[in-house]
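Please look over the model below. A short report on selected features follows it.

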Amino acid sequence: MENNKLQLQVHPRGYVESLIMKDDPYQMNWVIDNQYLQQTDFDESDKLFGEFTITVDGQKIDSHDLQPTVTNDASRTTVTYNLQQKLQVVFVYDLTTDNQLNWEISVKNLISDDITIENFGVWLSLAYVMFRDKNVAKNIHESAAVYPSISRDFTKINAVRRDNQSGNLGIYQTAGQTLSVGTYAAYNNLFFENVSPSLDGMLFHQLILAGGYDKGFENNDWIYDKSSITVKANDTTMWHYVMQSNESKQDFYQKAHEVGQPTVAYQPLNIVQQLSYLTINGNGHELIAVTAIAGENGQRQTKLNFQQQSSDHYQVTFKPTILGEHQLVFDFADGTQDEVVLNVMTPLNEVIDQRVKYISEQLYQGADGEVPYAFTPISNQGESLGKLSLVLKKNLMGDLDLQQVQQVEASAVNYVRPKWFNNGDFRIPNNLYGDFYRCMDFEYIAHLFLLLSEFDDDTLVLHSSEEYLQWAADVFMLRVNPDMHETARGKEEAQMLGVYFLYIQDLLKKLKNHGLTDYYERINELWQQVTQKLDDNRAGYQAAITEHYFDNAGFGPTAGALSEAGFVNGAETYGQLLLANIGYSNDFRAQNPDRWWEALAYMIHSLWGGVTAAATFKVYEALQDTAYLDASYRATAAIMYCYDTNSVTTTKLSEGMAASTYAVAGPHLNRPDLSRNRFGQSTFYSGGGIFAKLFNSANETPDWDMGEELVAYLDGIGRKTYLVHQADGWSVINGTYEQVGSQINIISFAPYQKEFWLLDESGSHQLSELTSANSYLFDMNN
């Protein structure tokens, strides 16, 4: 059946087998396709759009085991399930309204007693697929990232097509109550088979309408409801969702407005004792109360003052005094509620200082350690060295601690060099992965040596800064020069971009200034060759493929590198993939760069999320398009959550500890215990597979691949604070402000060195040079 915009097909088994926008040039199927599952040997056909699980009186019922009644007319399909002569579950798909699909879910109690439903999860299996296809265009034009904004009465979800240009699909709740959105991952990973690309898979999303977890389940997530529902005798409980296309983030919220939802703008990252601002467009809903809920188990509740700025617009200003997640609930006169979830942290220089202290005091093994001079947890992957680079970067930008620097120097010389290179020879890598090595490891090592070369010889004790610069050049040459590798894999990986885009300009400048002309010319030549080739071939998007069929570890560095090299057309082409990759939501933790495979759930991944945020910032600086600045900062706020030891909704971390992964989804349907929780990949060790080969036990600390992203942050948006002037007033990115008369005091959240900038309709203007001052006084009359 169809209307002027959408075409829908429901299978006789009751699930939606296709949903297509008729004017879509790619004819993308917006739901996971059962034919694709069968072609690629995935057996999750019980999780297709419209399938469900329900638990009644302790008995779990799966719709896949039932045969529904399906009735059709020209623009309406009804799917009816009869359960135990007690309940009737009915789905109505209605296309009678132009441009949209109205989706109604109802549960009818057929008996004269109340029925309690402990769990009710309906599969919303949108096309969140990494297709097993080297034709990367399929992944870009026919797959979507899914960003949920969960609210009791106003849940909204955007499925954002990965090309960011061909239209998205928005889902808006207009009746009933949605508790959460869970995910289940199905995937295939051939990493240790020495295959590239090696990973594909998909996430199946599930609307949680009751419960979501087994009886007796507990975690620290007090924000999202896990309640059962009761359907009264001979009564019906109903939910309604509107689905329609949108063209952009702005259009997504405009469509929410059109179906009657309020919208809220908020600051995702807040610093304790600093002002925070929220604006609410009630859209016909009169705001009567705002409550901030925070603290362990949400026990601290505070009524906040708000101002009505016009008939429908309100502003909340508050100064948080409690650390951790805050759920701000907006009560409207008609009995409905909306909400946002934001975070409150200590000043970020304290977060980083504590982190570096923990690395130095808790993770360094020293000369007598089980693995001498290493920092735990031990890993063969270069990502594990990011924490060493963070120690050095903090000591370059903040207070110098000789012991911290010299520990890293000892590790670099006595552990890193002999482990990754045969007898320490930078031309002969060791095969740390069975019969192969990863070129990607070398970019982390080169960065480590480059940062060591930034210290003076009075600080260093084993070699001179000039020697470390030479080491950095040697290792970097191995990373980027295909002629130095004998294997096909080595030659191929040498020509792939990676995190080295973050520091290559610093390396080139230093090589030139220190007279290492041969290295400078050869590395610069290779850099120009790879970026020119990427720009020339940008329309083919081949750099979006890495070890995986579609990967922000590919298109993120590519967009950042093209920006650094001055190829603005290529930066714009790949930058669109970044804008589609960074979420927007009423929960700051769902605004992170889209990734799933380390957590088997929609997730924050500290390293690649942070690198993606840094790449997005570089695109902003190249294109001066503030959409990239906004996206980079949203992502950064989510990444900082991995380092936040004051969280009250996840597993507690000791001061200075960190966790590489946060599962945004709740429930996490592969591993319910990981729902809305932070952890490291080693938690999957017990399940075997690739994780058992990557880790030695399930008990390893959860931060093995962290650090590089904070170095990127400190070199990028972590130095800059922006005062933004738009028609509707003032705001600040990476900080906050206080207005006093005709002056605005801009307060920076940047940790160490800071620059203050003004963004207005005429462009960007630098207000200050690099400074250690925490604030800048701006006169609006100037």
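The report covers a helix, a helix pair and a loop residue.

This is a predicted model, where local features need pLDDT of at least 70, side-chain atom pairs count only at pLDDT 80 or more, and totals for chains, interfaces and linings use all residues. Residues are numbered from 1 along each chain as its sequence is written, and side-chain values use heavy atoms, leaving out hydrogens and water.

Helices (H or I, at least four residues) and strands (E, at least two) are DSSP runs, numbered from the N terminus. The table lists the helices discussed.

| Helix | Residues |
|---|---|
| H11 | 517-536 |
| H12 | 552-564 |
| H15 | 626-640 |

**Helix H15.** Twelve of its 15 residues are buried, so H15 is largely enclosed by the rest of the structure. Buried means under 20% relative accessible area (1.4 Å probe, protein chains only). Among the buried residues are Tyr 628, Arg 634 and Met 640. Asp 625 caps the N-terminal end of H15, with a side-chain oxygen 3.0 Å from the backbone nitrogen of Ala 627.

**H11 and H12.** These helices pack at about 110°, with axes 10 Å apart. Axes are lines fitted to C-alpha atoms over the stretch in contact, and angles run from 0 to 180 degrees between N-to-C directions. H11 and H12 are therefore roughly perpendicular (65 to 115 degrees). Trp 527 and Leu 534 are among the H11 residues that meet H12.

**Phe 191.** This residue sits in the loop between strands E14 (180-189) and E15 (199-210). Phe 191 is buried, at 7% relative accessible area. Its contacts (heavy atoms within 4.5 Å) include Phe 436, Arg 489 and Glu 547.

How values were computed. The expected span of a helix is 1.5 Å times one less than its number of residues. Buried means under 20% relative accessible area, exposed over 50%, partly exposed in between (1.4 Å probe, protein chains only). A polar contact is a pair of N or O atoms within 3.5 Å; within protein, one must be able to donate a hydrogen and the other to accept it, and residues adjacent in sequence count only if both atoms are side-chain atoms. Angles under 35 degrees count as roughly parallel, over 145 as roughly antiparallel, 65 to 115 as roughly perpendicular and the rest as oblique. Lists of a residue's contacts leave out its neighbours within four places in sequence.
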